[in-house]
Amino acid sequence: MKTLTFALLLARFAWPQNDTGAVSGIVRELSSGQPVPDAEVAVGRTDRNGKTDAEGRYSILNVPAGQQRVTATAPRLSQHIFPRYVTKMVTVAPGQEAAGVDFGLEMPGSIAGRILDQNREPMPGIQVVLVAREYSLGSLRYVYSVMATTDDDGAYVLHNVRPGRAFLLMARKRERKMDAISPAPVDPKLRKPAFAPTFYPGTPQRDGAQLLTLRAGEQREGVDLRILRSPSYCAEGVVQAGAGPQAFPIQLEDVHASSGASGDGATFIMPTMGNTGDDGKVRLCNLAPGEYRLTVSNNRTSAAPTIFATASFTIVDRDLRNLTVVAKPVVAVAGEVTWHGEAPDPPLTQKLTVGLEPLTRAPWRGEMTSSNPSIPGSFAMPSVLADAYRIRLNGLPNDIYLKEMTYGGVDVRTEPLLAGSVADSTLRIVLARDGGNIAAKVADKDGNAVGDARVLVLPITVPSEAALAATIVSGQCDQVGVWNSNALAPGKYYVLALARPHDNSPESIGKLWGSRTHFKEIDIAPKSSVQVTLAPMDLN
């Protein structure tokens, strides 16, 4: 023990005293308090990282001085399971150690069961997914979260289920490939029944499904589900493009939920693939009632296509005829960054990064949807698919805020950007310098600082829960309970502190919406700093 202590003392004096320090602490399970060995702890985007020992302890040396984001990640169970993580904001002093930076990891749970047919026989090869509900860009989205496939006995296990969050469980039979022109009989009565996407405990409707919520580390078993059958319907139509009739690669997916990025990361599920006939015609069959999305492109490799289109259609109680999908060439998205009010003198030298993130799919390799304009300045993304996107804006200086961002007159801060939806439209980004900021201190009823709390800032004038989710500004306090916001638009806000992170699920946003009049109200004047002291709240 003396040798180890002496070695640690030597290591502590090994870093340069003028510009680096150290971070140390313990990683434990949040519910049990047991140490977590082999958890990875990393500092910001630097290469400073390490793993916890058998007692959950870690120590990272040569950490750059200043405020750093420190992340603790649970041990990875397999290469296909993304582990849970938690972050803290830590201020590191030159030549000193920030000790006691401890983490409580909320260990994920699992759900297991069997998928059966109407005769209670096991169904192998059935896709089972957890569906997360969350507000995104002004609407409620249903997003894939965790996926598994049943084995020969119809059994499945969903790992890495986030505790404390409500999910829907859905089972469906997904074909990897489909015929462009299905040989299914013309008479629906002669067709085999289709497998309908089925939500637990046994309904084809999302609204009738039961929500599943796990405790930390819970392994819930016996979540069995009988998959439903329904009449089989067809959708017939044609894909059109400027070059005339031709064969196109197509993708078909039901839209009970969608792939894409969410608050928990990103999950993408491969849709059913196929090709149209040489004349562009399709006859897609074995469809249960529901809403579907058909994607068309000229992509036959992993490279980005140059022709693209999506079309949504609904099957109710009969075949759909005369479905028409018009594939469009890539479009150019032109943009400009301007100032509201007086521009800074001297002009700024740094640049923004403006990126377009597809909402319901992974980007193709080589799909260029980002630019780095000057402030102010113009920019262009010359080859954007006619699809729906979320805008990612990075590199905004701390004393400047985003006042407006529109595309074709639509506020794309709170709605998707639909590329090519308006002719001669421009992505307009308006920045302003008259904002104020919030200097928050979080403390308990006795005045003791509460580190790592989350501070939320809510505009008072938002009209709905969906709009609230799109406009929340949040940040995490450092180890002494201090948080300073970037520039915010002048106006009235509610501000509060939470001991735990929030998410954009209807349950979490609903609690904020229903309690907002109990939060502290502040008024940010132009170029002001509002000092506020908050006590952490528990909305559960």
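Ala, Val, Leu, Ile, Met, Phe, Trp, Tyr, Cys and Pro count here as nonpolar, Asp, Glu, Lys and Arg as charged, and the others, Gly among them, as polar. By that scheme, the lining of the second largest pocket divides into 19 nonpolar, four polar and 12 charged residues. This is a predicted model, so local features need pLDDT of at least 70 and side-chain atom pairs count only at pLDDT 80 or more, while totals for chains, interfaces and linings use all residues. Residues are numbered from 1 along each chain as its sequence is written, and side-chain values use heavy atoms, with hydrogens and water left out.

Stay with the pocket. Rolling a probe the size of a water molecule over the atoms shows where empty space is left. On a 1 Å grid over the protein atoms alone, a pocket is an open set of points where a 1.4 Å probe fits, with protein on both sides within 12 Å along at least five of seven lines; lining residues have an atom within 4 Å of a point. Grid points are joined across faces, edges and corners, and a volume is the space filled by probe spheres set on the points. The second largest pocket has a volume of about 770 Å³. Its lining holds 35 residues, and Lys173, Glu175, Cys285, Asn286 and Leu287 lie nearest the centre. Strands S14 (194–196), S20 (249–254) and S24 (281–287) each give two or more residues to this lining. Strands are DSSP runs of E with at least two residues, numbered from the N terminus. S24 gives the largest share, five residues.

Is Asp278 buried or exposed? Asp278 is exposed, at 68% relative accessibility. Buried means under 20% relative accessible area, exposed over 50%, and partly exposed in between (1.4 Å probe, protein chains only).

Now look at how strands pair. Two strands pair if DSSP finds at least two bridges between them. Strand S5 (residues 66–73) runs antiparallel to S6, with eight bridges joining them. Thr73 has Tyr85 in S6 as its bridge partner. Six of the eight residues of S6 (residues 85–92) are buried, so this strand is largely enclosed by the rest of the structure.

Elsewhere, five strands form an open sheet in the order S32-S29-S37-S34-S35, with mixed pairing. S32 (377–384) and S35 (410–411) stand at its edges with a single partner strand each, so one side of each has no neighbour in the sheet. Two bridges join S35 to S34 (residues 401–407), and these two strands run antiparallel. Tyr407 stands opposite Val410 in S35.

Finally, turn to the rings. Rings of Phe, Tyr and Trp (its six-membered ring) pair if their centres lie within 6.5 Å; planes under 30 degrees apart count as stacked, over 60 as edge-to-face and the rest as tilted. How many aromatic pairs does a search of the whole structure find? The search finds three. Tyr58 sits in strand S4 (residues 57–64) and Phe103 in strand S8 (residues 103–105), 45 residues apart. Tyr58 is buried at 5%, and Phe103 is buried at 3%. Another pair, Phe308 and Trp364, is edge-to-face, at 5.9 Å and 85°.

Conventions
Helix = DSSP H or I, 4+ residues; strand = E, 2+ residues; numbered from the N terminus.
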